[in-house]
Amino acid sequence: MKRDRILGIHHVTAISRDPQENLNFYTGILGLRLVKISVNQDDPTAYHFFYADEQGTPGTDITFFIYPNASKGVTGAGQVKEVSLNIPSESIDYWLQRLQRYGVRFRGPRRTDDGLAIDLEDPDGLNLRLIGRSDIENIAKPWRKGPVPREHAIRGLFGVLISVDSCRHSGWFLEEVLGFRKIYEGPSRHRYVADDGGPSKIIDVECTDTSPGSIGYGSVHHVAWRVKDPETQIMYREKLEKLGFYVTPVIDRKWFRSIYFREPGYVLYEIATDGPGFQIDEPPEELGTKLVLPEWLEDRREAIERSLPKINIPNPENWR
Ligand code: ZN
């Protein structure tokens, strides 16, 4: 691992329209730990939920903006088409049974080059894939008190699949600007890896001639890439600017610092720092137990709380 590189996926953020369904699915059924309940810092009328492993490790995090009035996202060019998650390869049967038990529709298991894969959709229609892997021990620390036994728990993100109208341009960007390596080139799909490759460092780029998609519920809003520290982030920011890409200033998200920009295929990327992390404002055992706001929104807490839909955080005991 070299410090001055992109180290893999930091998190993926998608859109959901029903906070309770989203909570039940990701923490109840999938057994991820809700590590932060907050609001969209750019629009505090919307919840922002963060699900991850026990400690909120970068690379294990999938987050949602909740917009009850959103329209359905449309898949097409310029979109993330699928998000895949790691499960232990011996846990395929466990997951087939678990999904069946909770009435989640799925396809598979199917043999793929990455391992046995189960395809499913979340309640908003977001495409997810569970991939059985044997090389994921160090990626995530499963949630001890979660509803899924530790040996079967999801171990963070495997990768993302983006759909763009030009594999050449989006691939150039990954290689030349972000420093990824191309490890596979098929007729309509290329694979790139960050850092030394492997689960949580993978992006597949699919060339499509479909029309542009649009963001809505069931679609991914952005993919965030990890860097070790603010210096590396600044380096990428300067590089992007020099090449003429529009890039936001560094934004302090409290749990990490972020910059945002669009790659040539219009997919929104973020580069986020590993630190300070989700434990900066809540002790490890209390992560995700109450609404947390950044300081600059604290004086509006009452109004924000009033405007947000009521939720019940699922009790893991009820989802065993
Ligand atoms: Zn983000």
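Predicted model: local features only at pLDDT ≥ 70, side-chain atom pairs only at ≥ 80, totals over all residues.
Strand β13, which covers residues 220–227, and strand β16, which covers residues 268–276, pair in the parallel sense over five bridges, and in this pairing V227 has T273 of β16 as its bridge partner.

Which protein donors does the zinc ion have? They are H11 through NE2, H222 through NE2 and E270 through OE, and they lie 1.9 to 2.0 Å from the ion. Along the chain, these donors follow the spacing H-x210-H-x47-E. Because H222 lies in strand β13 and E270 in strand β16, this pair ties together parts that are 48 residues apart in sequence. Are these two residues buried or exposed? A residue counts as buried when its relative accessible area is under 20%; H222, with a relative accessible area of 4%, is therefore buried, and E270, with a relative accessible area of 0%, is buried as well.

Turning to the helices, we can follow how α3 and α4 meet. The axes of helix α3 (residues 167–177) and helix α4 (residues 230–242) come within 12 Å and cross at roughly 130°, which means that α3 is oblique to α4. The contact is made by F173, E176 and V177 on the side of α3, and by Y236, K239 and L240 on the side of α4. As for its handedness, the crossing in which α3 passes α4 is right-handed.

Where is A194 found? This residue sits in the loop between β11 (189–193) and β12 (202–207), and, at 0% relative accessibility, A194 counts as buried. Although A194 and G8 are 186 residues apart along the chain, their C-alpha atoms are separated by 5.3 Å. If we leave aside the neighbours of A194 within four places in sequence, the residues in contact with A194 are I6, L7, G8, F180 and K201.

Methods: Residues numbered from 1 in each chain as written. Heavy atoms only, no water. Pairing = 2+ DSSP bridges. Helix = DSSP H or I, 4+ residues; strand = E, 2+ residues; numbered from the N terminus. Donors = N, O, S within 2.8 Å, 3.2 Å for Na, K, Ca; no water. Buried < 20%, exposed > 50% of the residue type's maximum accessible area, 1.4 Å probe, protein only. Axes fitted to C-alpha atoms, helices over the stretch in contact; angles between N-to-C directions. Parallel < 35°, antiparallel > 145°, perpendicular 65-115°, else oblique. Left-handed = near helix turned anticlockwise from the far one by under 90°. Contact = heavy atoms within 4.5 Å.
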